[in-house]
Amino acid sequence: MSARFSFSTPSTLRLGVLCVALLALLAAAAGLLRPGDPMAMVGPRGLWPLTDGAFPLGTDQLGRDVAAQLLFGARVSLAVGVGAAAVATLIGVGLGAVAGYFGGVADHLLSRLCDYVQTLPSFLLSMVLVAVLAPSIGSVMLAIGLTSWPEIARLTRAEVLRIRNADWVLAARTMGLGHGHILLNHVLPNGIAPVVAMIAAVVAHAVLVEAALAFLGLGDPNLVSWGAMIGNARPLLRTLWYLMALPGLAIFATVMAFTLLGNGLSERLDPRGAAR
Amino acid sequence: MKANNPLIVVRDLSIAFAGAKAVDGLSFTVAAGEVTALVGESGSGKTVSGLSIAGLAPPEARITGRVTLAGADILGRTPRERRLAGHPAVSMVFQDPQAALNPVLTIGEQIVEAVRADGRTGARAAAARALELLDLVRIPEPGRRFSEYPHRLSGGMRQRVVIALALAASPVALVADEPTTALDVTIQAQILQLLIRLKDELGMALLLITHDLGVVAEAADRVLLMRDGRLLEDRGVRDFFDGPRHPYGRALLAARPGRRTRRGPRPRLADTSAPCLIGGEGSGAC
């Protein structure tokens, strides 16, 4: 599909793309904007935001630069969000498409597997996986991805079920095209729009789960994470509340950006919708 | 105009779904260069018969009997298996051109794909052939239409694209399932004429599945009348309209709007001898 991006595209998508691009830019430029180790104690302790030009967002209880931590934390959040969503998408779309298209035994197996994974409390499962695999950015990605694919698989399966008997799929079969080709060219592209929206929601969800895991001390200990910032600032809620509020806002903004992106994409990916 | 060697031979075709017979012992032949109309009401089994000839019957259907295409046994083989076995192609023209085109691919992409399905044609040759096909089905400005999405075309244009797609495999026979039902009356005639012209030019057999007797009268050379999965009549089109032998056929002709039978009231379709499946008001005993 040709992705023609112009200023006539729906505003939700524009806003989402803008927000995500801004976040990615900030994360990429973290080293330029706040050089040095974000974990280093560089200033006075407990400096409030907007009081010192050297530390625009203040410092924490150990004298670490909050702005630097937020910027470097964005890298972790985005990497985990996108990585986990990629894992979930690969598994979910792959299994869901095969189950929906071929039906029968494949469908039964997958549906039961989905049921099984979904009956497990996903957050606990993620915690156990991270604990077993040893906390690192890769294990966090994997743990979140492995617990959030069933939703994508179910939605993909439902979309494929809806489309696999469409006349154009029958027409493609009369042409003697193979199953893989039909699935990739005629079935999936027509059902992918809601799945894409859900993938963006999974990114948002993964950002939240990463924050929660880090809050509980299950993040990568060598990297700054918004969740860990909130966790560390917990005892100081009544005195230095900005230490929780700022990373909280960052998480909110990131989740919002990906939600907007998802909704915008699902509008845009439908050629009939775009023509209006 | 009529060729006598049968291209498609159907013998004792029966199709059942979970024990219920949709088609029961159907036998007929279709000759090349001939338009054979398969006529019947909804549920008479005409569509599923057409689908099974094209190799598109749903997998849960239990099919018995024998269908040969130019001598090759094709029943129960998917189009892909037929292609790999080197059999000639039977293509399908669908009722609803809106549904028969993939909305996310351009017209050109879809036709090129259909042309390249043989696995031998290169991208450039396929594009040239696609433009040729669009021209063949009389689409104005094929070069411009090539890169447009199906929703930008009118219903009649879409049906022409569907026909172009069906022709991409160079089929020896076309199965057209209600090809004009979803179209405006003025467009219906154009599409019918197009199908007949293509049949003549390309020497194909055309199996026209319809419930529209107007379409039959205009296009068909032969009429196969089906009801409840059985073949009731197999006659030349003129014979059929002059006086069908089966009471159901007579009732069907009399039921056309704007006509009155000369003697007495119209025979009711429900009263004819074939078993009646239609329940509800006015159908009395059945």
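**Contacts and folds in chains A and B**

This is a predicted model. In it, 19 residues of chain A are in contact with 24 residues of chain B.

Biologist: Which helix of chain A supplies the largest share of the side that touches chain B?

Modeller: H7 (167–174), H8 and H11 (271–275) of chain A each give at least two residues to the side that touches chain B. The largest share of that side is six residues, and the helix they come from is H7(A).

Biologist: How many residues of the side of chain A that touches chain B are nonpolar?

Modeller: That side also holds six polar and three charged residues. Its nonpolar residues number 10.

Biologist: Among contacts in chain A between residues at least 6 apart in sequence, what percentage join residues at least 24 apart?

Modeller: Chain A has 276 residues, of which 49% are buried. For its contacts between residues at least 6 apart, the share joining residues at least 24 apart is 70%.

Biologist: Against which helices of chain A do the buried residues of H9(A) pack?

Modeller: Helix H9 of chain A covers residues 226–233, and eight of its eight residues are buried. Among them are A:Trp226, A:Met229 and A:Ile230. The buried residues of H9(A) pack against H3 (66–102), H8 (179–215) and H10 (242–268) of chain A.

Biologist: Which helix of chain B gives the largest share of the side of domain 1 that touches domain 2?

Modeller: Chain B is divided into domain 1, residues 1–89 + 174–286, and domain 2, residues 97–168. Their contact takes 11 residues from domain 1 and 10 residues from domain 2. On the domain 1 side, the largest share is six residues, from helix H8 (residues 185–202) of chain B.

Biologist: How many residues on that side of domain 1 of chain B are nonpolar?

Modeller: The side of domain 1 that touches domain 2 includes one polar and one charged residue. The nonpolar residues there number nine.

Biologist: Which residue takes a positive phi in the hairpin of E9(B) and E10(B)?

Modeller: Strands E9 (residues 222–227) and E10 (residues 230–236) of chain B run antiparallel and are joined by six bridges. In one of these pairings, B:Met226 has B:Leu231 as its bridge partner. The hairpin has two residues between the strands, and the residue with a positive phi near 50° is B:Asp228.

Methods:
Residues are numbered from 1 along each chain as its sequence is written. Chains are lettered from A and ligands numbered from 1 in the order in which they are written. This is a predicted model: local features need pLDDT of at least 70, side-chain atom pairs count only at pLDDT 80 or more; totals for chains, interfaces and linings use all residues. Domain bounds come from an automatic or database domain assignment. Two residues are in contact if their C-beta atoms, placed from the backbone, lie within 7 Å. Helices (H or I, at least four residues) and strands (E, at least two) are DSSP runs, numbered from the N terminus. Ala, Val, Leu, Ile, Met, Phe, Trp, Tyr, Cys and Pro count as nonpolar, Asp, Glu, Lys and Arg as charged, and the others, Gly among them, as polar. A residue is buried if 20 or more other C-beta atoms lie within 10 Å of its own, exposed if 12 or fewer, and partly exposed in between; C-beta atoms are placed from the backbone. Two strands pair if DSSP finds at least two bridges between them.
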